[in-house]
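Subject: Structure handover

Hello,

Here is the structure we discussed, for your records. My notes on it follow below the entry.

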Amino acid sequence: MQFIRKECAMRRDHLLQLLMVLPVLLFIPLPGQSQSRSKLEGMWSDPPASIVGSFCSFSCTDAGIERLNALLDNPANDARPYEELAAEAKKYEREYLRSRLTGTALRTFPLDPADDPGFLRCEPWGVARQMIAPHQFEIRQVGRDRLEFRYGEWDARRTIYLDGRKRPVNQPPSAMGHSLGHWDGDTLIVETSGIAANIAGLPDLATTARHSDQLRIVERYTRSKEGNTLQLTVTMEDPPTFREPVVLKKIWRWAPESKITPYENCQAPTEFKKGVRP
């Protein structure tokens with residue numbers, strides 16, 4: 001998977017000084033790329049300092065990126081600050097995702113922080129939220145038949161089995177589920193099932209939704225040709241939650257100097273009101 005670049009000028013002087021002219025990227029694979037599978041291993045971190053990195057800081061959709069492109073391309077928006085255009089594109093993206101939720105899911109969408117165990121009790125996130133968490137993401141080979149995914153958010157870990165083993169019949173659903181991985185050329189594909197009902201992370205903290213234990217996830221990881229970014233396309237299917245499969249995109253930057261430390265700073269709130277976001 002590789003991004004198609006599209007040049008655009010930023011709207012304010014401080015953004016011009018910081019970002020100059022940066023690519024607005026679309027997540028479309030290009031043929032003819034070759035890389036060693038081992039190149040996926042190592043430490044990845046916060047998104048690159050680019051327009052797409054900012055817009056997809058948690059994750060994003062093709063619909064949101066296309067909307068942002070259209071706003072940036074419109075001469076009528078030349079005087080509008082980039083932040084305003086990005087916020088408008090995010091609003092459009094939220095409505096796009098809302099239209100793909102079932103009536104059951106819409107009853108609690110977006111999830112109130114007062115109903116979020118991560119906020120209330122510092123309970124680590126499940127896989128449908130953790131896979132698009134911000135901050136560090138480390139991929140490490142463990143033996144010949146598995147990978148370990150480690151996340152800076154909550155210092156969470158996942159095992160990705162590469163030997164085709166099936167999920168044990170009597171294994172109960174868990175927060176991280178059971179993940180099987182295989183290679184399609186240079187792309188790592190991870191299929192996860194056996195996920196306990198929890199919360200699905202959508203493109204930002206304002207768009208979280210409950211999911212059922214029927215959730216199935218397919219992740220596709222590819223390193224860019226230049227080697228400095230890791231791109232993820234994730235497809236979520238959960239009939240009680242989504243009317244149709246939901247596809248999210250995410251990008252990390254190569255950060256070998258970064259480290260993950262034990263998660264010790266979560267403080268459960270002592271005062272909050274339902275319906276009021278912190």
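This is a predicted model: local features need pLDDT of at least 70, side-chain atom pairs count only at pLDDT 80 or more; totals for chains, interfaces and linings use all residues.

The buried residues of helix 4 are Tyr82, Leu85, Ala86, Ala89, Lys90, Glu93 and Leu97. Viewed down the helix axis, these buried residues fall within an arc of 140°, so they line one face of helix 4.

Nine strands close into a barrel, in the order 5-6-7-8-9-10-13-14-15, with mixed pairing. On average, neighbouring strands of this sheet are turned by 30° against each other, direction ignored. Strand 8 (residues 157-161) pairs with strand 9 (residues 178-184) in the parallel sense, over two bridges. Tyrosine 161 has leucine 180, in strand 9, as its bridge partner.

Then the aromatic rings. The structure holds eight aromatic pairs. In one of them, phenylalanine 137 and phenylalanine 149 have ring centres 5.1 Å apart and planes at 90°, so the pair is edge-to-face. Phenylalanine 137 is in strand 6 (residues 137-142) and phenylalanine 149 in strand 7 (residues 146-151), twelve residues apart. Both phenylalanine 137 and phenylalanine 149 are buried.

Phenylalanine 149 also pairs with tyrosine 221: the ring centres are 5.4 Å apart and the planes at 75°, so this pair is edge-to-face as well. Because phenylalanine 149 lies in strand 7 and tyrosine 221 in strand 13 (residues 216-223), the pair ties together parts that are 72 residues apart in sequence. Tyrosine 221 has 0% relative accessibility and therefore counts as buried; phenylalanine 149 counts as buried because its relative accessibility is 0%.

Which residues do ring pairs link into a cluster? They are Phe137, Phe149, Tyr151, Tyr221 and Trp252.

One further contact between a charge and a ring: arginine 223 lies over the face of tryptophan 254, at 4.5 Å from the ring centre.

Regards

Terms used:
Residues are numbered from 1 along each chain as its sequence is written. Side-chain values use heavy atoms; hydrogens and water are left out. Buried means under 20% relative accessible area, exposed over 50%, partly exposed in between (1.4 Å probe, protein chains only). Helices (H or I, at least four residues) and strands (E, at least two) are DSSP runs, numbered from the N terminus. The arc is that of the directions from the helix axis to the C-beta atoms. Two strands pair if DSSP finds at least two bridges between them. Axes are lines fitted to C-alpha atoms, for helices over the stretch in contact, and angles run from 0 to 180 degrees between N-to-C directions. Rings of Phe, Tyr and Trp (its six-membered ring) pair if their centres lie within 6.5 Å; planes under 30 degrees apart count as stacked, over 60 as edge-to-face and the rest as tilted. A charge sits over a ring if NZ of Lys or CZ of Arg is within 6 Å of the ring centre and within 35 degrees of the ring normal.
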